Every structure is written in structure tokens, then in C-alpha cells.
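Opening the notebook on a new model.

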Amino acid sequence: MVIMGPVANEWKEIIMEMVLGNGEIVSIDGDARKLVISCRYGDLWITQPGDPADHLVPAGQQFVVSRKGRIAVTALSDARMHIADPIELKQACLPWQLATT
């Protein structure tokens, strides 16, 4: 996994870009509701607690987290994903992350 780091885009969203190898898993803990997970290439498999469905997110598509708890994102092939929260992620970032934007 390669983490490209938080950056601000033209809409002032904070984005974390990650490159995952086939089979790699990323966990997102806590209240991640409204977080947007976008697949730039490859395929992602996303599960969230209490959701009876798992979600396949192919390249060019996105998924909006709707539940609290641990979110698991699995790369079904080599993949690149962006994680963004247009409103609340800034408040959750560590001070060193905010200093880089």
C-alpha cells in the first residue's frame, strides 16, 4: 500500500489517495458516515457494519459510507482509491495533516 497523503482539491475537500495491491485491505474505524470512497482504477470491495450487502466499487465509481463502525475496503485487483469528506474531515485531521494543505 502506498499512501499519497492528504491534499485539498478545487472543492476544498480533503482527499487521501491510496494505492492498494491485489488483496490488500484498509480498515477505517469510527464514525465515517458521509465519507466518500472513490475508485480511480481497479475494483474495490467495501463492507460496513450492519449492512446486509457488500458493495463492489469499480473504477470510476464511488461509495458513500452510511454506517458507524469499522469499514473494510479490499482491493480485488491492483487499485487506486481516494477517500474524501467534503465537510467534516478537516475537523478530524491531525494538526500535522492540516499543515500540509
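Is Lys34 buried or exposed? I looked it up: Lys34 counts as exposed because its relative accessibility is 52%. The cut-offs I use are under 20% relative accessible area for buried, over 50% for exposed, and partly exposed in between, with a 1.4 Å probe and protein chains only.

Housekeeping before I go on. This is a predicted model, so I keep in mind that local features need pLDDT of at least 70 and side-chain atom pairs count only at pLDDT 80 or more, while totals for chains, interfaces and linings use all residues. Residues are numbered from 1 along each chain as its sequence is written, and side-chain values use heavy atoms, with hydrogens and water left out.

**Entry: backbone at Lys34.** I checked phi here and got a value near 80°, positive in a residue other than glycine. Most residues other than glycine have a negative phi. Lys34 sits in the loop between β3 (25-28) and β4 (36-41). Strands are DSSP runs (E, at least two residues), and helices are runs of H or I with at least four, numbered from the N terminus.

**Entry: salt bridges.** How many salt bridges does the structure hold? I find three, taking a salt bridge as a side-chain nitrogen of Lys or Arg within 4 Å of a carboxyl oxygen of Asp or Glu.

- Glu17 and Arg80 meet through their side chains at 2.7 Å, N to O. This pair links distant parts of the chain, with Glu17 in β2 (residues 14-20) and Arg80 in β9 (residues 79-85), 63 residues apart. Glu17 counts as buried at 18% relative accessibility, and Arg80 is partly exposed at 24%.
- Arg70 pairs with Asp29, the closest N and O atoms being 2.6 Å apart. Arg70 is in the loop between β7 (62-64) and β8 and Asp29 in the loop between β3 and β4, so the pair ties together parts 41 residues apart in sequence. I have Arg70 as exposed, at 56%.
- Asp31 and Arg33 make a salt bridge at 2.7 Å, N to O. Asp31 is partly exposed at 47%, and so is Arg33 at 37%.

**Entry: strand β5.** Which residues are on the covered face of β5 (residues 43-47)? I note Leu44 and Ile46 there, with Asp43, Trp45 and Thr47 on the uncovered face. Next I looked at pairing, which takes at least two DSSP bridges between two strands. Four bridges join β5 to β6 (residues 55-58), antiparallel, and Asp43 stands opposite Pro58 in β6. Another four join β5 to β8 (residues 71-75), also antiparallel; there Ile46 has Val73 as its bridge partner.
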